Structure formats: C-alpha cells, structure tokens
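Subject: Handover of a structure and findings

Dear colleague,

Please find below the sequence and the structure that I am handing over to you. My notes on what was found follow directly after.

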Amino acid sequence: MNTPIPSKLTQSPAWKALQAHQAEIARVHMRELFAREPSRAREFSLAAGALLLDYSKHRLTGTTLALLTNLARQADVEGWRARMFSGEHINASEDRAVLHVALRSALEVFPAGRDVMPLVRKARQGMRAFSEAVRGGRLLGHTGKRMRSVINIGIGGSDLGPRMLTQALWRHADAPQSVHFVANADPDDLARALAQARPETTLFIVASKTFTTGETLANANLAKAWLAKALGSETAVKQHFAAVTANTEAAAAFGIAPELCLPLWDWVGGRYSVWSSVGLPVAIAIGMDRFEQLLAGARAMDEHFLSAPLEANMPVLLALLGIWYANFFGAESHAVLPYAEALRELPAYLQQLEMESNGKSVDRDGQPVDYATVPVVWGSVGTNSQHAFHQMLHQGTHLVPCDFLVPVATTGAAAENALAQAAALMAGKDASLPQRRFDGNRPSSTILFKAIDPHTMGQLLALYEHKVFVQGIIWNVNSFDQWGVELGKEIARTLAAQPAGGGAIPGLDASTNALLARLRDWRR
Ligand code: F6P
C-alpha cells in the first residue's frame, strides 16, 4: 500500500473538531449520560416508516451528533445524494450511473433527462408474467409437466439478495414450487440442490449480470448436462432454463430462449440488484404483488432519505454512527445481530453490501486514504450468537459496535433477549471478581420493527443501502465499483488452466506453485 499523504478529510475542521470531542467523550460512561439526560431514550430515537431506531446506547451527546452532521454537510452528502438520484455517472471508475433507486420508483419519468422507467416498467411486467406462469403451472417443462423446483444459479449480488429475502419472507411464500440457491464453485452446492429435484420439473434461473462469472457458468453447465442426460435432449434447455442478465448474447449462446431472458442494466450494481429481475426467485416464492410491496417499502425509505433533515435521517444517522466508531474510536469491526431465524442470511447480505462497496483504500481521485474505511462487518442470528461469540462482545478487548435488528412479532423471547443484550453491553455490571465484571460502555443501535413482511424488508434493506452510500461519500471512495475482486479471479484462471504435471507457473510465487503441485499430486 502506498503511504498516504494527509487527506483533505483528516485535515478538515469538521474532522479535527470530532477528534477533539472524542478525547472528552472517551472518558464518559454511557451510564453517566443516561443519568444526566432523563430524556435520552426519546431524544436519541427516530421512527421512519415501520422502523424504530434507538441510538441512545451510543457514546455520544447532542454535540457529537451536531459535529457528525457537520462532517456530512462538509462532504456534501446532500449534493451527492441529488447526483445519484439524477442519474449522474457517480460510479466514475466504470463511467456508470447508479440508479438502483429507479427499480423501486413509482414515478412516471425518472430521472429527468435520462428516463429509465420505460425499461423498469417493462421488466416488472416481464417478471410478473414469468413468475405467475411458473406459480400458476403454465410454464411447462420438456415433457409437459409443471415446474416443482426452482434453482437459482448465481453468486454475490446475483445470489445473496434473493437467497436472503426468500428465507426472510418464508412465511409469506405460497408458491407450489420449492426455491433453492446454488452459488459455490464447489459442485457439492449444486449436487445438494439437485438431490431433491427431478429434471422434468426443475426450472433453473441463471442469474448473472455479466454472464461471465466462472462459478455461475460452471454450475449452469453442470445443471445443463444433468438435464440433457435425463431428458435426452439439448433442446430441453430452452424449456428449463431462464436467465437474468445484461449480457443477452451470452445467455442466448448458452441456449436460453429470448423470451425467458430477463433484463438487467449497467446502472444497477450486483449488490444493489435484488429489486430488479434478480429478485425473480423471490417473486416466484411470494408472488409479484408481495414483491411490489417490497419495492414500495424501499421507495418509502428512499423518500425518507431524500427529504428528512440530516439530523433526523435514519440512513445518515447509521452512517455517522459507523464513522464515529471506525474513525474516532478505532473500531475495526461491526456486528449485525438479527434476532429472528428468518433473517439468518442477512449478515452475509450486508457483508457484501458494505464491504464490497466501501472496502477501498484509495479515494475517488485514486489517492491512498489516511483514515479507516469500512470495518469488518460480521454477525449471526440471536439468540444463537449469544452462546457463541457474545462473550467477546461483552468482555473482549475489541470495541465492536452492534446493530440489534429486532422484529417484535416473533414468538418466544428472542426480542427480549436482544434488548437484554443491548442493556448489558451498555450498562455493564460491577463485581468484586474481575472475571465477573462487565465494564459496559459498549455501543449498540436497536432497530425495532413489528414484523418481517415485504414492505418492512424493503425499508430495512434500503436503509442499509443508503447508509453505505453516505459513508462512501464521507470517506470519499467510489462505493459502486469492486476492482478488488479481479486479481484473485485472474490468478484462479491461470491455476485452473495449468495442466496436471505442468511445471511451475512463471511469475507466480514459490509458495503458491508448491501448493498447486501438492494439490495436483494429491488429486491424482
Ligand atoms: O466478483 C464480484 C462480483 O462481481 C459481484 O460484484 C457480483 O455481485 C458477483 O460478482 C456476480 O456477478 P455477476 O452477476 O456478473 O455474475
């Protein structure tokens, strides 16, 4: 990594004011803040749509928030927000607009000057027609049978969103089909999905924006061979495969019928694409009407993000809280703790959203940054997580800010457990034996919502999308490219192309060459 020179950000008055303020706050325990400010819980909570954010259990005061919003203003978050929503090419390194918000827009024309809504409406109609044909048993396989299993083959943004939502909304699913997800380059993943499926009644959706992703194409080819072997015909592919892609030529070359090819566009990033045809497996599982509710929920959060003042803007607050700990307390990770089995896949989804977006160490001008960007995002469902790693959250040496995501409609005591954890992290407990002492003063946000339904999930996911956007603007990085994933892919291609028994690969380090030789040897 190049040595960074002092950036405009760290030299700025807003940054320096926060550094000075942190030195004061660092000495204060949150217990003291609660004792001092009787209205703290009310003052530091905010409702937006179905979500209630309590951010009172943070190491901050009104002054902290004023200084943090100054930082957001200094970075011109409002100006950049307007630029994104107007379709400017804010993804500069790829010269692309960033218009996933159009996918949930209800506007006739959006954005002004480069209206994409005709494309969006047509795609939504296509998704409705397709999902209804599958659900209604009108899409028939090669032997005239209805589809019973839907297997989505995709990875990253073409997998994590629909996988997570299908799981999250399982109580709303009423399709006669079972829906499965295959992502891994390890063929075991596909093998497990195929084990429960019958070729005559299986529909594959190959979801790949580029239609060049190695894992997805390998799995799609294996699935094709499985189908052709069972049905004795290559032409069966046309009846059993659909695609979601921006690369229609490649999908056609694979053998996918044009009418079963749903669109995507370069102005939708993979990790922001669940609102597009990439959401097709979700629409099949829950029906297009409910999928539209998901879009409406996201739209409600977009409207909040666009109109609420920064001080009362939920995505902006979440972003600023993250920055407060990452940049001023040196927190290197952030835990996401959904207290609902249905939200099991959410941490993985948010990992891609946050870390692929803001895991950058050069700024928009290509200069190395002299400040931390996105922390490690990790987590798991409560209450399981309590019996796995909460020991470290309570008594470990790392400061790990947490997001407790708490749907209140779940039965059992999951929600109460979430509140208890947040209370314990904040207040701590004294004890004569040091091992039994809880220092407390460990920050968390609690996001409470009534139920896990499509509208609420739309709000929740859009909340995090905009949080990531705001952080990217303040950190001055491009949140919408992901060049960091390329080098590993390139080397993997070189390794895979090396014939068994081939010598060392020139230019490759000695360790990797030795491991490759051993791997080939053991495989023999
Ligand atoms: O390699 C990372 C990535 O490019 C992600 O950004 C993306 O979501 C994923 O691969 C899948 O890409 P595609 O949809 O083009 O197959």
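From strand β5, the residues Thr202, Phe204 and Val206 point one way, Leu203, Ile205 and Ala207 point the other way, and all are buried (under 20% relative accessible area with a 1.4 Å probe, protein chains only; exposed is over 50%, and partly exposed lies in between). In a regular strand the side chains alternate between the two faces of the sheet. Because 6 of the 6 residues of β5 are buried, this strand is largely enclosed by the rest of the structure. Strands (E, at least two residues) and helices (H or I, at least four) are DSSP runs, numbered from the N terminus.

Please note that this is a predicted model, in which local features need pLDDT of at least 70 and side-chain atom pairs count only at pLDDT 80 or more, while totals for chains, interfaces and linings use all residues. Residues are numbered from 1 along each chain as its sequence is written, and side-chain values use heavy atoms, with hydrogens and water left out.

Strand β5 belongs to an open sheet of 5 strands with parallel pairing, in the order β4-β3-β5-β6-β7. Two strands count as paired if DSSP finds at least two bridges between them. At the edges are β4 (178–182) and β7 (261–263), each of which pairs on one side only. On average, neighbouring strands of this sheet are turned by 20° against each other, direction ignored. Helix α7 (residues 117–135) packs on the sheet and touches β3, β5 (202–207), β6 (241–245) and β7; the direction of α7 makes about 145° with that of β7. Contact here means heavy atoms within 4.5 Å, and the axes are lines fitted to C-alpha atoms, for helices over the stretch in contact, with angles from 0 to 180 degrees between N-to-C directions.

The individual pairings are as follows. β3 and β5 are joined in the parallel sense over 5 bridges, with Val150 opposite Leu203 in β5. On the β6 side, β5 pairs in the parallel sense over 4 bridges, and Val206 has Ala243 in β6 as its bridge partner. Strand β3 (residues 149–153) also pairs with β4 in the parallel sense, over 5 bridges; there, the partner of Ile151 is His180 in β4.

The model also holds a ligand. It is surrounded by 14 residues, the closest being Gly157, Ser158, Ser208, Thr210 and Thr213 (a residue is near if one of its heavy atoms lies within 4 Å). A polar side-chain atom of Ser208 is 2.6 Å from an oxygen atom of the ligand. For the side chain of Thr213, an N or O atom lies 2.5 Å from a ligand oxygen atom, and for that of Lys489 the distance is 3.1 Å.

Among the helices, α19 (residues 454–475) has 21 of its 22 residues buried, so it is largely enclosed by the rest of the structure. Asn476, which follows α19, has a positive phi, near 60°.

Two further residues deserve a note. Lys224, in helix α10 (residues 214–231), counts as buried because its relative accessibility is 15%. Leaving aside neighbours within four places in sequence, Lys224 is in contact with Glu234, Val237, Phe241 and Phe254. Gln421, in helix α18 (residues 414–427), counts as buried at 13% relative accessibility.

Yours sincerely

Notes: A polar contact is a pair of N or O atoms within 3.5 Å; within protein, one must be able to donate a hydrogen and the other to accept it, and residues adjacent in sequence count only if both atoms are side-chain atoms.
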